[in-house]
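Load the model and keep the selection panel at hand. The stops below can be taken in order.

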Amino acid sequence: MKKFSPILIILMVSLSAKAQKLTPPHFRGGDKAFHEFLKENLKWPKDVSGGEGIVTISFFVENDGRLTDLKVVKGMSQPFNKEALRVIALSERWVPAMRDGHFIKSKYSVPIQFYTMQAVQVLDSTKVN
């Protein structure tokens, strides 16, 4: 059995990783722009008084940036799930994933957090100065 030197093994791993380099899809403008988009468009569901939590939405980002097959993969109550789906469907085309210099279709998921101002005040009061 032939043994490889440690240097050769590292080289093989690095060549393999480079050959399969994938840039994930993202919202145009990055995370900060995505948070601003959510802040401007996400609404508290009508006739729902309480409930804080996270709705996780999965979808495909097509190679042209369109979002397709939006689904709730982890939800709360139906009004929150519907609102999370609505706001993601509102977003403009995303920058698709890229592999080897070509845009590709990829699956992606995002958590949408619903919280009340009381929860924000509690979180702010626990921060250490």
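This tour of a predicted model visits a sheet, a serine and a pocket.

**The sheet.** Select β1, β4 and β5: these three strands form an open sheet, in the order β1-β4-β5, with antiparallel pairing. The edges are β1 (22-23) and β5 (102-104), each of which pairs on one side only.

**The serine.** Next, select the loop between α3 (78-90) and β4 (97-99), and in that loop pick Ser-91. Is Ser-91 buried or exposed? Its relative accessible area is 10%, under the 20% cut-off, so Ser-91 counts as buried. Show the side chain of Ser-91 and draw a distance to the backbone oxygen of Ile-88; the value is 2.9 Å.

Finally, turn to the largest pocket, with a volume of about 570 Å³. Which residues of its lining are closest to the centre? Select His-35, Leu-38, Leu-42, Gln-113 and Tyr-115, the closest of the 23 lining residues. Colour by element next: α2 (30-41) and β6 (106-114) are the elements that give two or more residues to this lining. Colouring the lining of the largest pocket by residue class instead gives 15 nonpolar, five polar and three charged residues.

Notes. Residues are numbered from 1 along each chain as its sequence is written. This is a predicted model: local features need pLDDT of at least 70, side-chain atom pairs count only at pLDDT 80 or more; totals for chains, interfaces and linings use all residues. Side-chain values use heavy atoms; hydrogens and water are left out. Helices (H or I, at least four residues) and strands (E, at least two) are DSSP runs, numbered from the N terminus. Buried means under 20% relative accessible area, exposed over 50%, partly exposed in between (1.4 Å probe, protein chains only). A polar contact is a pair of N or O atoms within 3.5 Å; within protein, one must be able to donate a hydrogen and the other to accept it, and residues adjacent in sequence count only if both atoms are side-chain atoms. On a 1 Å grid over the protein atoms alone, a cavity is a set of points where a 1.4 Å probe fits but cannot get out, and a pocket is an open set with protein on both sides within 12 Å along at least five of seven lines; lining residues have an atom within 4 Å of a point. Grid points are joined across faces, edges and corners, and a volume is the space filled by probe spheres set on the points. Ala, Val, Leu, Ile, Met, Phe, Trp, Tyr, Cys and Pro count as nonpolar, Asp, Glu, Lys and Arg as charged, and the others, Gly among them, as polar. Two strands pair if DSSP finds at least two bridges between them.
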